[in-house]
Amino acid sequence: MKTEISFILNGSEVQVSVHSHHRLIDVLRKQLGQTGTKEGCGEGECGACTVIIDGRAVNSCLYPAFEVEGKSVTTIEGLQGPKNELSVIQQSFVEQGAIQCGFCTPGMILSAKALIDSNSDPSEEDIRDALLGNLCRCTGYVQIVEAVKKAAAQLKRKK
Amino acid sequence: MKQFEYYKPLSLGEAWELKKKIPGSLFIAGGTDMLVGIKNNEIHPPALLSLRSIPGLNSIETNEVTRIGALATISDIIRNPELKEDFPVLVEAAKNLGSMQIRNVATIGGNLCNGSPCADMALPLLVMEAKVRLQTANDKRELPIDEFFKGPGKSCLASHEILTDILLDPPSKNTKAVFMKKGRVKMDLAVASVAVRLDMEGSKCLKARIAAGSVAPVPLRLSKVEAVLEGEALTQKHASEAQRLAKDNVIPITDIRSTEEYRRQITGVLVKRAIERALEWSQA
Amino acid sequence: MTDFHHIGKKASRPDSSDKAAGKAHYIHDLQRPGMLYGKIKFSGHPHARIKHIDTSKAERLTGVRAVITANNTPEIRIGFLRDNFALKKDKVRQYRDEVAAVAAIDPEIAKEAVELIQVEYEPLSGVFNPHEAMKKGSPLIHETDAQGRPRTDNLVPLKFHHESGDLEAGKRAAKYSVEGEFSTPMVQQCCMGTAGCIAEFDMNNNLTMWAKTQIPFLAQRDFNRALSDMGLHGKNTRVIVPTLGGGFGSGLDTHAYEYITILLAFQTGCPVKIVYTRDEEFANLSPRQSSTTKIIQGCDRNGKLTFREVDVLQDNGAYTSWGATYPSVMMMPATSLYRVSNVYFNARLVYTNNTYCQAMRGYGNPEHTWALESNMDELAYEAGIDRFEFRMLNRNEPDEITPMGLKVSTCGLKECLETVARKLDWGKKRTKDKRTGKGMASLIHVGGGARIYRSDASGLILKMDDYGNVNVYHGGVEMGQGLHSVLSLAVAEALGVRPEKVIINPTDTGTCPWDVGTHASRGAFMACNTAILAANKLRSQIFELAEELYPEEAEKNLKKYMKKNPGYKPPDFDVPKASKCERFELRDGFVFIKDGPQEPWLRIELGRLLRAIHFRSQGQMLTTEVFYDPPNELPDFERGFGNISSTYAYGAQGAEVEVDTETGEVKILRMVAAHDVGRVLDPQGLKGQIYGALAQGVGYALYEKLESKQGKILNPNFRDYKIPTVREMNFPIDLEFIETNDSYGPFGAKGVAEPGLVPTAPAIANAIYDAVGVRIRDLPITPEKILAALKQRRR
């Protein structure tokens, strides 16, 4: 069963024909060629597939394609600025050494963004809560938490 | 990948019609449990009937009775200021469910209808004596939530029935309820979990409701434990007695997550600690 | 203390920005034109004869391009004992044995086709326990060896043995001794990016493999051999390593799925990709091998160790991969962690029908240090000596030769132990009623390569262009550990250019010189040592050519400068006379005369000089190559002797924990770590390595275990195989680097990729014992085990 869906992807409208049994991650990676979103487990446990839908972080591996109709989706590809510059959160990850193999990174950054967008002054506990569903095997999370703290502080100052 | 059709009815009526038309089709809410079940070949529905587009199913209203729409997400519940005020135990359980990503999509109705003995949302609803409203095209009924769960993965929902609302009577000022969960790591299915509700007048317990999860085929009310607390002036001795009784009144199993022996132990400890916390809180 | 320009300073990793932007391309993201997707059918029986395979239904499915089994493909033997096969023919020996495979136009069709393949089995009795497998009359997992000779038992024909000094005398001299049996489970590497590869043949039958590998050149050798088995004699494999989603040892061998991909690519004439899903990875990618260790240590009345006796038994699983050689690394702490002269070490491996295991970070060291350091604490208690003092008393010192013949050059163990004790407030009296405790453990690991193959070498090419960029070709693998980052720093430092001008090219056997593999914490050690050698060579070349060309360029520069600055009077300096090799310097991409005047026109930009070299008559381009084999030895593991590495990394970690005696839960209050790193090359990267390894150590200690029953993995998913999340790592880690400045290491550095997880589990276990008096000897230390032990103790 296929249908045309249209939704906003990183600020631009897209229209694509999708299968009823496909997930948002399939639409993003295979049909729209946006491979920044990663599939780490397919069961909502690892968070590598995290995207933001209407301001909320979700696992795109568990989000039915049909449900994306009319929604606003942000993926890692949508974070760069107009001159291809990294966003504050991305830059903070780079600067704090929060990236090793990088596979968990897009999902981790989007979870951080979802947090900071809804809470401009997150405590360390808030940060750990927000990242609970993002597994990392390389970093031990120390520099990731630092990166999110610094990004939040920087974004707050900008405001 | 398992193939299935996916429908988005815009009304309950449309949902029931589709259900009638497509044998074997299943109602789906957030899907965070169901889609994993399909992926792992545990269920094979030919079609999924999403309830997400039906207006009104996800609203939360606090009037005489608090009505939580079944499609309210776990995040909606956490963010709701009235629920935080009136039913903090429900919000506490919600905060312990999964991860931020799961909570943004998973629904309270889905969590209950999945029928898992581990269901995080079941325990606070049990101790707060919630009712569930179940509807078909021709019928509507309300049941106490105690009667909802029938076995692992099984609820009393008839095949065409949709859980539409969870209803809660207003809490009394002297109600204190606590939720505690133990997993292997922080984001986990419960190895054991408990909710304890005490309605206290001074040190006298007017009402006690205690429920335990992951230690029986269904989320379980521990009525024998409740009985030793009700009507009593509660002391540490009661908490310890409750611990002992709780251990003996659950029927856990050994599985990949833990052992029967450990689950029994933990339930006792969590019951004791939840009672202590509720008492502390009521004395504060 | 040498003043470096780039080494030891904060560096930006060259790969980070792309990764942050989602623009790094992993095997999962790569596509080739016309690419097909492969899926494998696994046996689902731990031990059975294959009676019949019916692929007809699968072949008829629309979209399927090939279905292969051992019956329609040439036999390909794999594994260093050649006891495994790409596709299994007569018999399956483990639940995950590869029996057939499909290539189709999309992965969903491939998966459906696999389900249509019907295999008839005759189940055989399985054996799932090494003790059972060693008994007479136990079913034979392998009836013959790779040469076809009949086998009579399930013992793996690998010998790991060491005897030094006089064990009996050591025992007699001991006033105190403690015996213990320790075990560790199978745990999984859990790379966030799962395993996979793409195979593609050209029309000359040469193969390109995009592989998730840590051993591109040994893989090339293996794949070339497979090509030969396929009748493609003399054909070549080019192995290209894309961005990897982690490694941790999982890429240290070649796997059946890779050969299957090659067979499918050859059969279809199309590129084929196989990528494991997470549950396939858990169930079908070899994990860390489990172990059981019997250890007895003794000390005299003063606390000096007098003997150590170790016996190891390992479940090898159905086939042999690098997990089988863990005892070669276990021998290192067994003989060389702390000073003890009378050592006995023996290890046996037994085939079973469990999943076979491969390398994982630490490679036997975490397993052995778990036993050794737990037992050290037990012995300290027995002897009535403080656990820190006990370790200090028996510590290794610089310039030692250990019983295994390890030539310890620098050794920071004393400083590491002291640092850990200090940070843990070791001497501080604790309140008795709190269930908290402290523990520590130390480690020794290879820090200067590890010769486990006839070569431990690495090559490096520096290719200059016309712009002052340095193109680096090196066969080491970047898997997130920061190899490319330290390599850029090392080249920049040693050559004299800015790190931004250093371009690390992709790891590709077609372009990079040979490297044995990125393992044994040798990556940075080898890359940076070769970089220094190559850079020095290149500098000599540049300065030699500059003798002739520098004066001309300086003159041109002066003219320009004087035009811009009329009235400028240049100093009295004979540039041609000063233009001698030994007087030149290259720093920050500028060539100048070391002791000459500081005039700006005397600084010639490197690119300018290179263009001058290139475009003059009979010009040249500068490319330098080195091949470096470190001064270490391939040990004789049957005798247990040989200096396997050029230097050794020491370290210590400490833990403070709180144990909830009602629930058995362990809360880590804090950890401290002091690691002897020789020299810090990339501070942020190094911290990340230790934090990450430590987190894996915490997982090993408290949470992780692959559950296996009758050879089947019962928890092949993150729902039931729990790795630490950000909440489990919610405790401060106080980390300090001890710089011992080793002469063998690049800029004094030692390899430190693995040490971070070696002492973690025993440090935590020792703290738990200190807190509540229970000693758990099998990992992971779960609340269930603690409660059961507390209950036992109360009886």
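Over how many bridges do strand 2 (residues 48-54) and strand 6 of chain C pair? Some notes on this one follow.

1. Ground rules first. This is a predicted model, where local features need pLDDT of at least 70, side-chain atom pairs count only at pLDDT 80 or more, and totals for chains, interfaces and linings use all residues. Residues are numbered from 1 along each chain as its sequence is written, while chains are lettered from A and ligands numbered from 1 in the order in which they are written.

2. Back to the opening question: strand 2 and strand 6 of chain C pair in the antiparallel sense over two bridges. Pairing here takes at least two bridges found by DSSP between the strands; helices (H or I, at least four residues) and strands (E, at least two) are DSSP runs, numbered from the N terminus. Arg49(C) has Lys91(C), in strand 6 of chain C, as its bridge partner.

3. The sheet these strands sit in is open, with three strands in the order 6-2-8 (chain C) and antiparallel pairing. Strand 6 (91-92) and strand 8 (118-123) of chain C are at the edges with a single partner strand each, so one side of each has no neighbour in the sheet.

4. Chain B splits into domain 1 (5-50), domain 2 (60-168) and domain 3 (175-283), with bounds from an automatic or database domain assignment. The C-alpha centres of domains 1 and 2 of chain B are 19 Å apart. Their contact takes 10 residues from domain 1 and 15 residues from domain 2, where contact means C-beta atoms, placed from the backbone, within 7 Å. Helix 1 (residues 12-21) of chain B gives the largest share of the domain 1 side, five residues. That side divides into five nonpolar, three polar and two charged residues (nonpolar: Ala, Val, Leu, Ile, Met, Phe, Trp, Tyr, Cys and Pro; charged: Asp, Glu, Lys and Arg; polar: the others, Gly among them).

5. Now some backbone spots to look at. Most residues other than glycine have a negative phi, and most peptide bonds are trans. Ser214(B) has a positive phi, near 70°, in the loop between strand 13 (204-213) and strand 14 (220-221) of chain B. Ser214(B) is buried, with 30 other C-beta atoms within 10 Å (buried is 20 or more, exposed 12 or fewer, partly exposed in between, with C-beta atoms placed from the backbone).

6. Gln618(C) also has a positive phi, near 55°, and lies in the loop between helix 16 (606-615) and strand 28 (623-628) of chain C. Gln618(C) counts as exposed, with 4 C-beta neighbours inside 10 Å.

7. Finally, Leu779(C) and Pro780(C) are joined by a cis peptide bond, omega about -10°. Pro780(C) is in the loop between helix 18 (760-772) and helix 19 (783-794) of chain C.

Note on methods
Two residues are in contact if their C-beta atoms, placed from the backbone, lie within 7 Å.
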